[in-house]
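I keep these notes while I look through a structure for a first course. I want to write down each thing I looked up, together with the terms I needed.

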Amino acid sequence: MKKRLFVAIFGLLFVLLPFVNTEALAFLSIVTAKQCPLYLVLDEKDGTVSQAYLGTPAGSFPIKSVEGYRPIQEVLLNAKNDDGINRFLWRLEFAKPDDPIEVMQLWVAYMPREKTIEVASGKTAHNEWYRIASQLPLPDGVFLFVSCEPDGQDEPLSHVFTITLTKKGLAFVPIPEVYEKLIPLAITFSQSRGTFDSERTKQIIGCLTHLAQNENVDNIARILNLKKEFKATWH
């Protein structure tokens with residue numbers, strides 16, 4: 001498997017070389033997912049990504065959403081769900097060079113049994129609310145996406161979405177027990193910031209309350225900014 005992976009990586013590099021400026025070759029890097037045949041080739045210029053290609057068993061694909069960002073961290077998560085099947089979520093983060101708080105998350109779902117990968121991306125913010133929400137214990141197979149919204153720059157409280165990985169791919173699925181724990185955290189956080197009475201805070205806490213009660217899910221899903229980029233399969 002490793003031999004075939006390295007052959008595939010070097011094959012991709014051979015294909016990319018004619019399109020890469022020779023002055024930037026020293027900044028070409030490869031990030032690999034440790035337990036999955038996935039890798040990301042990054043052409044970095046001045047510390048930021050100018051081109052990115054994701055290598056998978058289904059082929060290689062350009063990843064435009066991370067261009068202009070710099071890589072900061074990645075993690076491979078086992079997304080085994082109630083059906084007992086091992087699926088994996090490879091989540092990579094890229095920070096904006098002039099604003100390290102703004103982070104682009106790249107979600108790569110790897111489903112070996114279904115022979116499918118699905119890729120999504122969306123902006124999050126590494127602020128205090130992100131850190132608080134990210135420390136919340138989660139049920140197996142559930143992941144949080146803390147969204148970064150343009151209208152929330154002055155108030156860091158933002159929407160939180162519970163994401164699961166099923167045989168059909170990434171899905172926003174409200175988990176009431178998670179939102180029941182998020183509501184008091186959001187109230188305490190906004191009170192500490194003096195924003196509890198703002199319209200934005202009321203709207204977000206209202207959404208959390210709806211999700212805790214599994215209500216108004218379709219309307220809330222429309223504001224989810226974790227956008228699916230593509231899905232691919234192999235044989």
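The entries below go from the ground rules to a sheet, a serine, a loop residue and the cysteines.

**Ground rules.** I am working with a predicted model, in which local features need pLDDT of at least 70 and side-chain atom pairs count only at pLDDT 80 or more, while totals for chains, interfaces and linings use all residues. I count residues from 1 along each chain as its sequence is written, and side-chain values use heavy atoms, with hydrogens and water left out.

I looked up an open sheet of 3 strands, and I noted its order as 9-10-11 with antiparallel pairing. Strand 9 and strand 11 (169-172) are at the edges with a single partner strand each, so one side of each has no neighbour in the sheet. From one strand to the next, the twist averages 35 degrees. For the terms, I noted that helices (H or I, at least four residues) and strands (E, at least two) are DSSP runs numbered from the N terminus, and that two strands pair if DSSP finds at least two bridges between them. Strand 10 and strand 11 pair over 4 bridges in the antiparallel sense, and Ile 163 has Phe 172 in strand 11 as its bridge partner. I also found that helix 3 (residues 176-193) lies across strand 9, strand 10 and strand 11, running at about 160 degrees to strand 10; axes are lines fitted to C-alpha atoms, for helices over the stretch in contact, and angles run from 0 to 180 degrees between N-to-C directions.

**Ser 158.** I found Ser 158 in the loop between strand 9 (142-146) and strand 10 (160-166). Ser 158 is buried at 5% relative accessible area, where buried means under 20%, exposed over 50% and partly exposed in between (1.4 Å probe, protein chains only). A polar atom of its side chain lies 2.8 Å from the backbone oxygen of Ser 147. Leaving out residues up to four places away in sequence, Ser 158 touches, among others, Trp 129, Glu 149 and Arg 200, contact being heavy atoms within 4.5 Å.

**Ile 223.** I placed Ile 223 in the loop between helix 5 (217-221) and strand 12 (227-233), and at 35% relative accessibility Ile 223 is partly exposed. Not counting residues up to four places away in sequence, Ile 223 touches His 159 and Phe 161.

**The cysteines.** How many disulfides does the structure hold? I noted 0, a disulfide being a pair of cysteine sulfur atoms within 2.5 Å. Cys 36 is buried at 4% relative accessible area, and Cys 207 is buried at 9%.

Conventions:
Polar contact = N/O pair within 3.5 Å; in protein donor to acceptor, adjacent residues only side chain to side chain.
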